[in-house]
Amino acid sequence: MQNLELIHAIKQSKATKKLTMNNISEKAGIGIRTVNRIFAGEDVRFSSVLAVLNALEIDFNIHLRQAA
């Protein structure tokens, strides 16, 4: 999944569940600034993105490719 697709899925889930950024921040256990950065597509720790995905109850599968 590309970064834009992930952000779109997060934004769509937020809208569907009618959550505020503060709601997501509290449910994810991360700061509001970090949540804002995720929604803006900025670089953040992967663990923060996973926390938001869990807070929004979004299933996420990762496919790792092996370096050549």
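This is a predicted model: local features need pLDDT of at least 70, side-chain atom pairs count only at pLDDT 80 or more; totals for chains, interfaces and linings use all residues.

Guide: Serine 13 lies in helix 1, which covers residues 3-17. Leaving aside residues up to four places away in sequence, serine 13 touches Leu56 and Ile58. Glutamate 57, which comes after helix 4, has a positive phi near 55°.

The chain contains four helices and zero strands, and along the sequence its pattern reads α-α-α-α. Its radius of gyration is 12 Å, close to the 11 Å given by the globule rule for 68 residues, so the chain is as compact as a globular protein of that length. Taken along the principal axes, the box filled by the C-alpha atoms is roughly 40 × 20 × 20 Å. Of the 68 residues in the chain, 29% are buried. Among contacts with a separation of 6 or more, 48% join residues 24 or more positions apart. The accessible surface of the chain is about 5,200 Å², and carbon and sulfur atoms account for 48% of it.

Within helix 4, the buried residues are Ser48, Val49, Ala51, Val52, Leu53 and Ala55. These buried residues pack against helix 1, helix 2 and helix 3. Two packed helices are described by the angle between their axes and the distance between the axes, and two of these pairings can be considered in such terms.

Helix 3 spans residues 32-39 and helix 4 spans residues 46-55; their axes come within 10 Å and cross at roughly 90°. An angle from 65 to 115 degrees counts as roughly perpendicular, and helix 3 and helix 4 are therefore roughly perpendicular to each other. On the helix 3 side, the residues in contact are Thr34, Val35 and Ile38, and they meet Ser48, Val49 and Val52 of helix 4. Sorted by class, this contact comprises four nonpolar residues, two polar residues and no charged residues.

Apart from residues up to four places away in sequence, valine 49 touches Leu6, Ile38 and Val44. The C-alpha atoms of valine 49 and valine 35 are separated by 8.4 Å, with the two residues 14 apart along the chain.

The axes of helix 2, residues 21-28, and helix 4 come within 8 Å and cross at roughly 105°. Helix 2 and helix 4 are therefore also roughly perpendicular to each other. Here Ile24, Lys27 and Ala28 of helix 2 meet Ala51, Val52 and Ala55 of helix 4. By class, this contact has five nonpolar residues, no polar residues and one charged residue.

Val52 belongs to the contact with helix 3 and also to the contact with helix 2.

Key
Residues are numbered from 1 along each chain as its sequence is written. Side-chain values use heavy atoms; hydrogens and water are left out. Axes are lines fitted to C-alpha atoms, for helices over the stretch in contact, and angles run from 0 to 180 degrees between N-to-C directions. Helices (H or I, at least four residues) and strands (E, at least two) are DSSP runs, numbered from the N terminus. Angles under 35 degrees count as roughly parallel, over 145 as roughly antiparallel, 65 to 115 as roughly perpendicular and the rest as oblique. Contact means heavy atoms within 4.5 Å. Ala, Val, Leu, Ile, Met, Phe, Trp, Tyr, Cys and Pro count as nonpolar, Asp, Glu, Lys and Arg as charged, and the others, Gly among them, as polar. The radius of gyration is taken over C-alpha atoms; the globule rule is 2.2 Å times the number of residues to the power 0.38. Buried means under 20% relative accessible area, exposed over 50%, partly exposed in between (1.4 Å probe, protein chains only). Accessible areas come from the Shrake-Rupley method with a 1.4 Å probe; for residues, only the protein chains shown count as cover.
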